[in-house]
There are 2 protein chains.
Amino acid sequence: MRTLTLDLGRRSYPIFIGRDVLARRDLYSPYLDGAQVLVVTNEVVAPLYLDAVLAALDGYDVNVQVIPDGEQTKTLATFQSLLDTAVSRRMARDSAIIALGGGVVGDVAGFAAACFQRGVRFVQIPTTLLAQVDSSVGGKTAVNHPGAKNMIGAFHQPVCVIADTATLDTLPERELAAGLAEVVKYGLIRDPEFFAWIERNANALRGRDPEALAYAVERSCRNKAQVVGEDERESGARALLNLGHTFGHAIEAGLGYGQWLHGEAVAAGMCMAGDLSVRMGWFDAAELDRTCDLLSRLGLPTRAPAALSAAAMRELMGFDKKVRGGRLRLVLLRGIGAAELTATFDAAALDETLASWRQEKG
Amino acid sequence: MRTLTLDLGRRSYPIFIGRDVLARRDLYSPYLDGAQVLVVTNEVVAPLYLDAVLAALDGYDVNVQVIPDGEQTKTLATFQSLLDTAVSRRMARDSAIIALGGGVVGDVAGFAAACFQRGVRFVQIPTTLLAQVDSSVGGKTAVNHPGAKNMIGAFHQPVCVIADTATLDTLPERELAAGLAEVVKYGLIRDPEFFAWIERNANALRGRDPEALAYAVERSCRNKAQVVGEDERESGARALLNLGHTFGHAIEAGLGYGQWLHGEAVAAGMCMAGDLSVRMGWFDAAELDRTCDLLSRLGLPTRAPAALSAAAMRELMGFDKKVRGGRLRLVLLRGIGAAELTATFDAAALDETLASWRQEKG
């Protein structure tokens, strides 16, 4: 097992990474205060890992709430149902909410933990690659509004993250690939050595080589922890973690949540950000090719879906959390390993990217 | 105009207190970042003060949402309707939400400001005495769950508080008295000189003497700001501000929200906490008499409503945010000006207080 620390002063917390760690009672007990625990999971993950987690929590007063799988579940209605459970079970301020699952479970359970009694303890047990390398670390919680992704939420840091890499054995191939999109993102925005490592190990990662996956999780978490430790509330460098996300959120909202996985939309979005960066002279065409080739080898889309018009995407991008003072801001690339947030991108070039960087009609 | 500062380091903010200050544009503009503003108010306050606020916001892109008056409005449904407005108007991350009204408006609008895009700027314009002396200062936001008051919320500090004491001229008498309950609370828990001042000025306060009210608002805010500045997240001294509130919340939830005003329930709750403190030998009977006499002179109830059984109150008190490790914790009095949070109160004495400290059946 490896232990990383996200350094936030008094609110610092450990990230435990290893095989079979979710069954280890000693990783929970130091971080729980009261006896009451609400475990939130989904109908896919529950049959696989819930028993092991409950065994590790033996002696606690545990309630379990199983929610449906998928992005469509990440709503205020689900948030409210978790709070109804917490209230009806009379959970106290020293109780804890544990998220066992992927990004959706973590985001909605984390938002409930942020708001129940104005904040209770929260433990993340991410069981997808995407959640292990990205969403479980850093304290962003949210639900979607029908009009926009992650529009309602809070910053609420967990007390610990338990990333069990053995859970990746059961992950569907498409979800594994979606997680690798965020792994590639760390290479692109700040870690060129890691990018080159992913290029060399793409086949091992797709083939679920345990050592390769464990290394990818650890190095991704290390990157994320550094960025969040320096800029918890996203007033600066943390925004770079959104490379590809403004494009990607437009794809997700435009197709309807759950059509493309978040990581798939981000993969296409990173290529679109790269194409716009090339058009602006910031990024080499050869670097864009490397980026798209790698994502493609990992089984990911590299262009916007044909079903979504350029006009619809442009409209959806205008309502993104990175809009400030009425201006859209985008994360663009200056090179592999170098990203920049800018409001002064070339609007005509953006229109060209949106019009041309699309999949063929199938 | 007087300006106090709530000292929270980087997140410090001013509290402006004076007559007609809500119309002063110079008190808003330094604290707004983007052009978009959502003003949340209610149907009673809007006809009185909305025009003056809108005039002060001339040039901003202002939306207004008017919600019904009363504690019954403080729900997740209202919270959601505010977020629907913010999303449909495409409000950006640099927009602001302004609460114009009493504690209900401030609590629900503040919770929306805490969660929209994970937090946008928030301005409080409290128009009731209760909101001016208590709820607008300190960053607690919340909505009620049908089962329990303020059970869903967030800590989200405003960027400024504009307390216009001229708004107290139009306040119904019952609401004025309810606000005075929280004023007396500051005297009871930490400021015995202020308690004595209130005793001497009770008639002036009930008669709305402007200077007396302005002094009461300022000294109350000063007390609140000191406590919150030392303990923002209520890990210690801030809990003393809840004197009478565990009893009071049980009264509010037991009768149904809106039957008794919050300040009325707190007044009765403070006397009940005082009675329990006397039974435990912590507090003099003469001090309890002084407390009840003062609250009574201010037009406030001093006993639990006859309609609510002692058993029902005891049950409701078991689900309070101050329950920790399964133990109810109560704020009790050691003297006028000295309060203490304790989990080791005398349970039999609590039952006696609940059974005996009740209004006559009417």
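**Exercise 1. List the contacts of B:Val37 beyond its neighbours within four places in sequence, then decide whether B:Val37 is buried or exposed.**

Solution. The model is predicted.
- Step 1: B:Val37 sits in strand E3 of chain B, residues 36-42.
- Step 2: list the contacts. Neighbours within four places in sequence are left aside; B:Val37 then touches B:Leu32, B:Leu57, B:Tyr60, B:Asp61, B:Val62, B:Ser95, B:Ala96 and B:Ile98.
- Step 3: count neighbours. B:Val37 has 22 C-beta neighbours inside 10 Å. The threshold for buried is 20 or more. B:Val37 is therefore buried.
- Step 4: B:Ser356 is 319 residues from B:Val37 along the chain, and their C-alpha atoms are 51 Å apart.

**Exercise 2. Work out the strand order of the seven-stranded sheet in chain B, and state which helices lie on its strands.**

Solution. 
- Step 1: write the order. The sheet is open and runs E1-E2-E9-E6-E5-E3-E4, with mixed pairing.
- Step 2: find the edges. E1 (2-6) and E4 (61-67) of chain B each pair on one side only.
- Step 3: note the twist. From one strand to the next, it averages 15 degrees.
- Step 4: check one pair. E6 (residues 121-126) and E9 (residues 160-164) of chain B pair in the parallel sense, over two bridges. B:Gln124 has B:Val161 of E9(B) as its bridge partner.
- Step 5: H2 of chain B, residues 76-88, lies across E3 and E4 of chain B and runs at about 160 degrees to E4(B).

**Exercise 3. Classify the crossing of H5(B) and H8(B), and name residues that meet there.**

Solution. 
- Step 1: take the geometry. The axes of H5 (residues 173-190) and H8 (residues 210-230) of chain B come within 9 Å and cross at roughly 45 degrees.
- Step 2: classify. That angle makes H5(B) oblique to H8(B). The crossing is left-handed.
- Step 3: name the residues. H5(B) brings B:Val183, B:Tyr186 and B:Arg190; H8(B) brings B:Ala216, B:Ser220 and B:Asn223.
- Step 4: sort them. Three are nonpolar, two polar and one charged.

**Exercise 4. Describe the side of chain A that touches chain B.**

Solution. 
- Step 1: count. The contact joins 31 residues of chain A to 31 residues of chain B.
- Step 2: assign elements. H2 (76-88), H3 (103-115), E7 (140-145) and E8 (148-155) of chain A each supply at least two residues. E8(A) gives the largest share, six residues.
- Step 3: classify. This side has 15 nonpolar, nine polar and seven charged residues.

Methods:
Residues are numbered from 1 along each chain as its sequence is written. Chains are lettered from A and ligands numbered from 1 in the order in which they are written. This is a predicted model: local features need pLDDT of at least 70, side-chain atom pairs count only at pLDDT 80 or more; totals for chains, interfaces and linings use all residues. Axes are lines fitted to C-alpha atoms, for helices over the stretch in contact, and angles run from 0 to 180 degrees between N-to-C directions. Helices (H or I, at least four residues) and strands (E, at least two) are DSSP runs, numbered from the N terminus. Angles under 35 degrees count as roughly parallel, over 145 as roughly antiparallel, 65 to 115 as roughly perpendicular and the rest as oblique. A crossing is left-handed if the near helix is turned anticlockwise from the far one by less than a right angle, and right-handed if clockwise. Two residues are in contact if their C-beta atoms, placed from the backbone, lie within 7 Å. Ala, Val, Leu, Ile, Met, Phe, Trp, Tyr, Cys and Pro count as nonpolar, Asp, Glu, Lys and Arg as charged, and the others, Gly among them, as polar. A residue is buried if 20 or more other C-beta atoms lie within 10 Å of its own, exposed if 12 or fewer, and partly exposed in between; C-beta atoms are placed from the backbone. Two strands pair if DSSP finds at least two bridges between them.
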